[in-house]
Amino acid sequence: MAGLFVTFEGGEACGKSTQVRRLVNRLEKRGRTVLAVHEPGFTEIGSAIRQLLLHARAADAMRSETELLLFAASRAQLVRETIRPALEQGLIVVSDRFYDSTTVYQGIGRGLDLTFIKVLNEFVAGGCKPCRTFLLDLGVAISRMRQLRRVRPAGQQDRMEWLSDEFFERVRRGYLEIARAEPERVKIIDASGSEDQVEERIWTEIDGVLS
Ligand code: TMP
């Protein structure tokens, strides 16, 4: 495919959305055409799935297997409706989360079968593999502090945010494990600094991909 596919990953409140925005602005200033997407959601079908996964009252009864398949369904739609066509047109696509989230949250966090998740991720991604993934790495204690400072409209708290610290320790370790296994693709970015510092760290890494 002609375009470039870049993804952002990390635990809660690690600053992904801010850094996606900053990277998109910077790339556009360089004259690149960029499409920013996020998961779960973005498409109409994905947004309905996001609501069900993260905010619906019924979600309290959701089983891990159901959760896995709904995240996968949202991504399957996003890839075919948006990401793949954009890459075929030569755009840079920047996604706030992609299949590594499923590996660590549902596989390592929830304890579902990692071999099955690998097969599912490949099926869902339909050949769209990120060329760079920025892992915004943040300790669980700092992440919790940042979450508490977030201002959210009533009812918009996300069901996953209230999982235990042990769960998020597993998520963090899972991400670092993926980065160790795929050092060319996954770059670990220390997300504990200021927004400007994190932006610079990402920019240094992306420069190599653009040239
Ligand atoms: P967000 O807070 O980055 O919008 O992500 C929503 C939540 O969904 C976050 O807690 C991570 C979780 N998630 C998964 O558990 N599995 C997935 O595959 C994806 C994309 C997100």
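**View 1. Phe42 is partly exposed, with a relative accessible area of 34%.** In this description, buried means under 20% relative accessible area, exposed means over 50%, and partly exposed covers the range in between, as judged with a 1.4 Å probe and with protein chains only. The model is a predicted one, in which local features need a pLDDT of at least 70 and side-chain atom pairs count only at pLDDT 80 or more, whereas totals for chains, interfaces and linings use all residues. Residues are numbered from 1 along each chain as its sequence is written, and side-chain values use heavy atoms, with hydrogens and water left out. Phe42 is found in the loop between strand 2 and helix 2, where helices (H or I, at least four residues) and strands (E, at least two) are DSSP runs numbered from the N terminus. Most residues other than glycine have a negative phi, and most peptide bonds are trans. Phe42, however, is a residue other than glycine with a positive phi, near 80 degrees. Pro40 also lies in the loop between strand 2 and helix 2 (44–55), and the peptide bond that joins Glu39 to Pro40 is cis, with omega at about -15 degrees.

**View 2. Arg75 has a place in helix 3 (residues 64–88).** Is Arg75 buried or exposed? Arg75 is buried, because its relative accessible area is 2%. Its side chain makes a polar contact, at 2.8 Å, with the side chain of Glu39; a polar contact is a pair of N or O atoms within 3.5 Å, and within protein one atom must be able to donate a hydrogen and the other to accept it, while residues adjacent in sequence count only if both atoms are side-chain atoms. When neighbours within four places in sequence are left aside, Arg75 is in contact (heavy atoms within 4.5 Å) with Glu39, Phe98, Tyr99, Thr102, Asn121 and Val124.

**View 3. The ligand is surrounded by 14 residues.** A residue counts as near a molecule or strand if one of its heavy atoms lies within 4 Å of it, and the closest residues here are Lys16, Arg50, Arg97, Thr102 and Gln106. An N or O atom in the side chain of Arg97 is 2.7 Å from an oxygen atom of the ligand, and for Lys16 the corresponding distance from a side-chain N or O atom to a ligand oxygen atom is 2.9 Å. Glu12 places a polar side-chain atom 3.0 Å from an oxygen atom of the ligand. On its own the ligand has 480 Å² of accessible area, and the protein covers 93% of that area, as computed by the Shrake-Rupley method with a 1.4 Å probe, where for residues only the protein chains shown count as cover.

**View 4. Glu12 and Ala13 have their places in the loop between strand 1 and helix 1.** Glu12 is buried, with a relative accessible area of 8%, and its contacts, apart from neighbours within four places in sequence, include Arg97, Tyr105, Asp158 and Phe168. Ala13 counts as buried at 11% relative accessibility. Although Ala13 is not a glycine, its phi is positive, at about 55 degrees.

**View 5. Helix 1 runs over residues 16–29.** Which residues of helix 1 are buried? They are Lys16, Thr18, Gln19, Val20, Leu23, Val24 and Leu27. These buried residues pack against strand 1 (4–10), strand 2 (34–38), strand 3 (92–96), strand 4 (132–137) and helix 8 (195–210). The expected span of a helix is 1.5 Å times one less than its number of residues, so the 14 residues of helix 1 should span 20 Å, which agrees with the 20 Å between its end C-alpha atoms. Just after helix 1, Gly31 takes a positive phi of about 90 degrees.

**View 6. Leu23 and Ile202 belong to the largest nonpolar core, which has 22 residues.** A nonpolar core is a set of buried Ala, Val, Leu, Ile, Met, Phe, Trp, Tyr and Cys residues joined through side-chain atoms within 4.5 Å. The residues with the most contacts inside this core are Phe8, Leu23, Val94, Leu136 and Ile202. Strand 1, helix 1, strand 3, strand 4 and helix 8 are the elements that give two or more residues to this core, and helix 8 gives the most, with six residues. Apart from this core lies another, of 21 residues, among them Val104, Leu135, Met160 and Ala179. Leu23 is buried, with a relative accessible area of 3%, and, not counting residues up to four places away in sequence, Leu23 touches Phe8, Val94, Ile202, Trp203 and Ile206. With neighbours within four places likewise left aside, the contacts of Ile202 are Phe8, Gln19, Leu23, Phe134, Leu136 and Ile189.
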